[in-house]
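Colleague: I have this one open on my screen and want to go through it with you. Can we start with the sheets?

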Amino acid sequence: MSTETEKTDFRKYLEPRVLAKIGALDIRARLIVEGLINGMHRSPYKGFSIEFAQHRPYSSGDDIKYIDWKVFGRTDRHYIKQYEEETNLQLMLVVDASASMEYSGKTDPVWRKYDHAISVAASMAYVALQQRDSVGLAVYDSQIRRIIRPSNNPRQWRVIIEELSAASGAQKTDTGMVLEQIAEELKHRSLVILISDLFEDPARLIKGVRHLRYRRHDLICLQILDHDELVFPFNQTTMFKGMEELAELVVEPQALREAYLNELAAHNTLLREACHQLRVDCVQVDTSVPLDVSLPNFLASRAARLS
Amino acid sequence: MQGLPLAVIPFVTPWLFAAGAACVSIPIVIHLLNRRRFRQRPWAAMQFLMAAWRRNVRRLKLQRLLLLLLRCLALLLLAAAIAQFIPGSAGLQALMGNSSRLTIIVWNNAYPMGYLPHGGESPFAKSRRLLKQWSQGLSGGEWVALISAARGTPTLLAKPVPASSAVTQIIAGQKVTQGGLNIPVALARAASLAAKWHHRVGSVRVWFLTDDTASDFGCSAGSDPLMQAPQAVTQIRRAVRAILHAGATFRVFDLGRPHAANLAITHLRLAGPEALIGHNIHLRMTLLNAGSQPQPPIRIGFTIDGVSAGTQSVGTLSPQKSMTISTLLSNPIQTPGLHSIVAHIQPDALPIDDTRRHLFDVASAIPVLLVDGRPGDPAEGVLSSTAWLQAALAPAARGNQYAPHVIEMPQLLEENLSHFSVVVLSDVAPPGARGIKRLEAFVRRGGTLLVYPGRQFDAAAWSHLPGSLLPARFGVAIASPAGKPATLDLQRTINAITEPFILAQREGIHTGIFHITIRKHIPLFPAPHSVTWLRLTGGDPLLVAGNFGRGKVALWGTSCDTQWTDMPAQPSFLPLVYELFQSLLPARGADRNLVVGRRLSLAVRGRAFSSLRGPDRTVLELRQRLVPRGEGRRIRLVSRPIQGVGIYRSADGLPFAAANVSASRDSNVAHVGPKMAAVCYKIPLRDIDFQPGSLAARVTSQAGMGGTAGWSLLFMALAMLIGEALAARAFSRYHLAPADKGAAA
């Protein structure tokens, strides 16, 4: 019974619609990682993991070394052998599991920001594993709570999901410090996807990003924000209680709405400008927007930029 | 409203404003409650909220305070507006827990309301019927006060009482009075009552049931009351304004008849000052045609002491015109004392003013005191002025109209002046202070003083007499050039003498008065309120008269002997003296001939009564008051206001007083129309209900402060509410930062 429940829990983070949309896309690293040679991620290990995929008729311009002569002998026609392309991309998912990620909005009180982060991570991991890429995971709050080394084992996805589901947020965030630790931990150049609300000191966060980039890792920042945090839709007098050991505040939300949104916008602007300078993709993900809308958009635009 | 502080606005319903003002505390209470009642919410982005709060804490506190003030002010203005222009609708009153209402009925029960056309219903009867219907339909919470608008009549229900069958009975028992109408007093009484009661009840309304005749506004039909009787209209408007300012509504129910016609005897009196035994009675009476059509020849009948004394016919009388008629009744009265004469015409729709009565005293002769300052000088062989006057006043041994009594100046202080009607000072030195005092008392009571100068007349001393007894100052005597004596200039005279003799002369009939020559005279300088009766050809006043108290004083500029003028020797001297006396003598019996609504107040000597018998066996109670002033000790009899027309007799059956309706003031029953009435009351035309079928409790509008201020305050309150809403919206408006727009989408 418990096994059935766990299966159900896993499935809720992986929607078929999302996978259908992002399955055709790839998670391109901005930088050439470890000398990829063929396919999308050109691998330095030539012919190491080439697997036959299908034949197709020869057409002028094709390299003759890919002609399958055995087939020519049997059929007296020229066919080209095609192979499944395979890379050795190392994807590291760094997921924020601090207290602030526990927030769930008015529209869907059950769906936390952390749930949305798990969905994003699960989707990205699934796609990467489908592409035979290695996927690792780091769950953190004020420090790294759990780290899973990258692997392209198909069972890695389940391990990752179990680890993400087991994490519970109760601590403050220190993403900058965590990124510095991650940068030291990763032995190979990797694509790091940071999934967090980024509610912390921008200077400290930028320092961690800079350290990661110094180690020549590629970084994607996915800022998970609840719709309430983006529009501040409250009307009645409310006591706001800080989720990361911050003070309490009783205010009339209408009176403070504009000022709050200005503060949030200033914070985001500062982060985006810093990321832009460091050639890091930083994108905001609204929890009220379905993943089959937000993720394909981002991945498609990123692929277009890199190509 | 401009510049009018809110604190001094006379609210229509101040209690409502007070309740609304109390509601001002509602936003404050809500504000305080909101600070204690809030929802709790965990919040992730607390660092941004705290930063926003720190940066805006002062502005937020200021905005909150401003919004609070705006909300309070809006409520206050709303309350003020509602309290100002809603006089107390039943629904609102019921909502607020006070549905009581006071209706003050000002009821015109004056005698013109009894106008009864053939086969119709009088305005008073109709008003009584409507009031009765209305009072029967009253429910709980209704209070009623009844004010009589007739002059001198008591208030019917001076203190408001709850609506009940007793009120209906009181209304049903009322009859039209015989008094005249006094609108300003009645409305002022209603305003006073409204001011006292509008705090005790939810609302107060004043209803005026009247007939809106021309007499009500002191004008004639078709004329503009504002032009013809501005004072009367001003008084009425002031009373109406007082009602509105007292927080009451005002409505007029006009029961008048547009084509009412009425013929009335408005005046009846003796043509002369007194009637004398054995003399014909000379009457003067005035007829008024108050209708819109000319009256055919009118036949007037007379009775003296109840006995027919003849008739007289007069010609056609134009509409809205009056006619004064002189009548000589050849029915000499042979007994002294009080007698009554009654004149009557054919009764019409308003019969009460078709009969008029007059009480007059019949004397054997008019007593005249001649004070001779220079008795005849036998050495000069001339008659003194006193002698000339005595000869003129008493030409025969008996049967004279006047009874002169001659004294010399020193005897003036000892003589009882109250026994005389006229005192003539002829060529005398100025009396001392005591003498002046006695003369002033004599004239003030109604006596006549006549002063002739002469050779020993000290003009300067007379001019400097204390007080204002004399109507002119004397100048220095002027002698006409030899051979060129002055004559009378009747054409340039502002002539107040209306006796036939002077009138005939002015109309060109030779009376010999032009033959009078004046060789010497003392110029007269009239006082401001005196009247010059005769002038000389040079323009100098020769005869100046003035009122003093109830009597008159006349000064001649020349002597009454032949030293300065030949006037005594002329044939016209006798009629001139008689007519002069007739004009100077005040009409006797004014104290006894009253109009309904006035009090009888009469000083009598000797017998006193405690009551009089009036018409229809009514009794008029009298109060007695001792009068120490004057000649001898008298008793003054004072009654309450007389309520009915007729002859009032003493216990021994002799006539003592007569009462008539105030026909000259009130008998013009021509209807002025609702439009003109609205102008006179200065109220909207919709507040005049012409010929109503019922006294429906229609909502009346507020004149003056009410409407204007109420709407102004309402608009201000609405503007304040809109401003508050806009301010609240502006304070909390949400703008997406440009960089966030796409992301949020």
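Modeller: A definition comes first: two strands pair if DSSP finds at least two bridges between them. Also keep in mind that this is a predicted model.

Colleague: Fine. Which residue stands opposite B:T303 in β11(B)?

Modeller: B:T303 has B:S308 across from it in β11(B). Strand β10 (residues 298-304) of chain B and β11(B) run antiparallel and are joined by 7 bridges.

Colleague: How many strands form the open sheet that has β10 and β11 of chain B in it?

Modeller: That open sheet has 5 strands, and the order in chain B is β8-β14-β13-β10-β11. The pairing is mixed.

Colleague: Which strands stand at the edges?

Modeller: β8 (275-276) and β11 (307-314) of chain B. Each has a single partner strand, so one side of each is left without a neighbour in the sheet.

Colleague: And the sheet with β7, β9 and β12 of chain B, what is its pairing?

Modeller: Antiparallel; it is an open sheet of 3 strands in the order β7-β9-β12. The edge strands, β7 (263-270) and β12 (321-329) of chain B, each pair on one side only. From one strand to the next, the twist averages 20 degrees.

Colleague: How many bridges are there between β9 and β12 of chain B?

Modeller: 9 bridges, with strand β9 (residues 281-289) of chain B and β12(B) paired in the antiparallel sense. As an example of a facing pair, B:L283 stands opposite B:T327 in β12(B).

Colleague: Changing topic: helices. At what angle do α10 and α14 of chain B cross?

Modeller: Roughly 85 degrees, for helix α10 (residues 385-393) and helix α14 (residues 573-584), both of chain B, and their axes come within 9 Å. Angles of 65 to 115 degrees count as roughly perpendicular, and α10(B) and α14(B) are therefore roughly perpendicular to each other.

Colleague: Which residues meet there?

Modeller: From α10(B), B:L389, B:A392 and B:L393; from α14(B), B:F573, B:L574 and B:V577. The residues of this contact divide into 6 nonpolar, no polar and no charged.

Colleague: What about α4 and α5 in chain A, how do they cross?

Modeller: Helix α4 (residues 113-130) and helix α5 (residues 156-166) of chain A cross at roughly 170 degrees, and their axes come within 10 Å. Angles over 145 degrees count as roughly antiparallel, and α4(A) and α5(A) are therefore roughly antiparallel to each other. The α4(A) residues in the contact include A:I118, A:A121 and A:Y126, and those of α5(A) include A:W157, A:I160 and A:L164. By class, the contact has 10 nonpolar, 2 polar and no charged residues.

Colleague: While we're in chain A, what does its secondary structure come to?

Modeller: 10 helices and 10 strands. Chain A has 307 residues, and 42% of them are buried. Among its contacts with a separation of 6 or more, 76% are between residues 24 or more positions apart.

Colleague: Last topic. How many residues of chain B are in contact with chain A?

Modeller: 31 residues of chain B, against 37 residues of chain A. On the chain B side, the elements giving two or more residues are β1 (39-43), α3 (46-85) and α18 (738-744). The largest share, 12 residues, comes from α3(B). The chain B side divides into 19 nonpolar, 7 polar and 5 charged residues.

Colleague: Which strand of chain A is joined to β1(B)?

Modeller: Strand β8 (residues 238-242) of chain A, through 5 bridges, and the two run parallel. Within that pairing, A:F240 has B:R41 in β1(B) as its bridge partner.

Notes
Residues numbered from 1 in each chain as written. Chains lettered and ligands numbered in written order. Predicted model: local features only at pLDDT ≥ 70, side-chain atom pairs only at ≥ 80, totals over all residues. Axes fitted to C-alpha atoms, helices over the stretch in contact; angles between N-to-C directions. Helix = DSSP H or I, 4+ residues; strand = E, 2+ residues; numbered from the N terminus. Parallel < 35°, antiparallel > 145°, perpendicular 65-115°, else oblique. Contact = placed C-beta atoms within 7 Å. Nonpolar A, V, L, I, M, F, W, Y, C, P; charged D, E, K, R; others polar. Buried ≥ 20, exposed ≤ 12 C-beta atoms within 10 Å, placed from the backbone.
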